[in-house]
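Please look through the structure shown here with its pockets and a few individual residues in mind.

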Amino acid sequence: MIGPCFTFDNFRRQGLYFEALRLIMKLYSKNQIWIFAHESNLPSLKVIEKAGFTFVSDVKLNRITKCLTLK
């Protein structure tokens with residue numbers, strides 16, 4: 001599971017997040033990989049999709065246990 005991810009302002013728009021995701025997909029292609037981003041984080045969601053990930057479901061985060069539940 002990947003997330004949350006953060007890129008400092010001075011390193012944004014250099015393709016680092018995209019390349020990191022592509023490398024993870026290449027190295028772990030035989031594994032199931034889950035990645036998440038907040039639904040309002042459109043730049044992140046676009047990069048995730050561009051890197052080859054497929055949307056599966058929205059999730060709900062339990063603030064106490066920090067467990068994710070598929071909606």
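The questions and answers below concern a predicted model.

Q: Which element gives the most residues to the lining of the largest pocket?
A: The largest pocket, with a volume of about 1000 Å³, is lined by 32 residues. The elements that each contribute two or more residues to this lining are helix 2, strand 1 (59-61) and strand 2 (68-70). With five residues, the greatest contribution comes from helix 2.

Q: Which residues lie nearest the centre of the largest pocket?
A: The lining of the largest pocket divides by class into 18 nonpolar, seven polar and seven charged residues. Of the 32 residues in that lining, those nearest the centre are Ile35, Phe36, Ala37, Ser57 and Val59.

Q: How many residues does helix 2 supply to the lining of the second largest pocket?
A: The second largest pocket holds about 520 Å³ of space, and among the 16 residues that line this pocket, Arg12, Tyr17, Pro43, Ser44 and Val47 are the closest to its centre. Helix 1 (16-27) and helix 2 each provide at least two residues of the lining. The largest share comes from helix 2, and that share is four residues.

Q: How many residues of the lining of the second largest pocket are charged?
A: The second largest pocket is lined by 16 residues, Arg12 being one of those closest to its centre. By class, this lining has eight nonpolar and five polar residues, while the number of charged residues is three.

Q: Is Ser44 buried or exposed?
A: Ser44 belongs to helix 2, which spans residues 42-50, and when residues up to four places away in sequence are not counted, Ser44 touches Tyr17 and Ala37. A residue is called buried under 20% relative accessible area. Because the relative accessibility of Ser44 is 11%, this residue counts as buried.

Q: Is Val56 buried or exposed?
A: Val56 is located in the loop that runs between helix 2 and strand 1. The cut-off for an exposed residue is a relative accessible area over 50%. Since Val56 has a relative accessibility of 58%, this residue counts as exposed.

Q: What distance separates the C-alpha atoms of Val56 and Gln32?
A: Val56 sits in the loop between helix 2 and strand 1. Along the chain, Val56 and Gln32 are 24 residues apart, and the separation of their C-alpha atoms is 12 Å.

How values were computed:
Residues are numbered from 1 along each chain as its sequence is written. This is a predicted model: local features need pLDDT of at least 70, side-chain atom pairs count only at pLDDT 80 or more; totals for chains, interfaces and linings use all residues. Side-chain values use heavy atoms; hydrogens and water are left out. Buried means under 20% relative accessible area, exposed over 50%, partly exposed in between (1.4 Å probe, protein chains only). Contact means heavy atoms within 4.5 Å. On a 1 Å grid over the protein atoms alone, a cavity is a set of points where a 1.4 Å probe fits but cannot get out, and a pocket is an open set with protein on both sides within 12 Å along at least five of seven lines; lining residues have an atom within 4 Å of a point. Grid points are joined across faces, edges and corners, and a volume is the space filled by probe spheres set on the points. Ala, Val, Leu, Ile, Met, Phe, Trp, Tyr, Cys and Pro count as nonpolar, Asp, Glu, Lys and Arg as charged, and the others, Gly among them, as polar.
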